[in-house]
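The structure is shown first, and the commentary is set out by topic.

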Amino acid sequence: GPPDFVKIDVEGSEVAVITGGIEMLVARQPRLYIEVHNAELGEQLRALLGPIYGEQLREVPHPHYAEGSWGRANHYWIVAT
């Protein structure tokens, strides 16, 4: 059946994966766990997913990067629970 949890770690192709599955996401709203490696891609993902998940959508920072660092701004997870 349709998934109730989706994990995406596709090294830069996250927007293409979300775009390809947008109808399923709208219909089912599964929990999401998406690894982001670029702040610009993260913004695109939030624009696509925000209308579907609203307040459920949040960013989880990577614990190995210091606050304010390039890594902290560009390597994190977008989750919806």
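The model is predicted. Its four-stranded open sheet has the order E1-E2-E4-E3, and helix H3 packs on that sheet. The largest nonpolar core comprises 17 residues, and H3 is its main contributor, with five residues.

**Sheet and helix packing**

- The open sheet is built from four strands with mixed pairing, arranged as E1-E2-E4-E3.
- E1 and E2 run parallel and are joined by four bridges.
- Lysine 7 stands opposite tyrosine 33, which belongs to E2.
- Helix H3 touches E2, E3 and E4 as it packs on the sheet, and the direction of H3 makes about 5° with that of E4.

**Nonpolar core**

- In soluble globular proteins, nonpolar side chains tend to be buried together.
- The largest nonpolar core here contains 17 residues, and those with the most contacts inside it are Leu32, Ile34, Leu45, Leu49 and Tyr53.
- At least two residues of this core come from each of strand E1 (5–8), helix H1 (14–20), strand E2 (31–36), helix H3 (39–53) and strand E4 (76–80).
- H3 gives the most to this core, supplying five residues.
- Once neighbours within four places in sequence are set aside, isoleucine 34 contacts Ile8, Glu14, Ile18, Leu45, Leu49, Tyr76, Trp77 and Ile78.
- Among these partners of isoleucine 34 are Leu45 and Leu49, which are also listed with Ile34 among the residues with the most contacts inside the core.

**Loop residues with positive phi**

- Most residues other than glycine have a negative phi.
- Glutamate 11, in the loop between E1 and H1, has a phi near 50°, a positive value in a residue other than glycine.
- Glutamate 11 is classed as exposed because its relative accessible area is 56%, and the cut-off for this class is over 50%.
- Glutamine 29 is located in the loop between helix H2 (22–28) and E2, and the phi of this non-glycine residue is likewise positive, near 45°.
- Glutamine 29 has a relative accessible area of 39% and is therefore partly exposed, a class that lies between the limits of 20% and 50%.

Definitions and conventions: Residues numbered from 1 in each chain as written. Predicted model: local features only at pLDDT ≥ 70, side-chain atom pairs only at ≥ 80, totals over all residues. Heavy atoms only, no water. Core = buried A, V, L, I, M, F, W, Y, C linked by side-chain atoms within 4.5 Å. Buried < 20%, exposed > 50% of the residue type's maximum accessible area, 1.4 Å probe, protein only. Contact = heavy atoms within 4.5 Å. Pairing = 2+ DSSP bridges. Axes fitted to C-alpha atoms, helices over the stretch in contact; angles between N-to-C directions.
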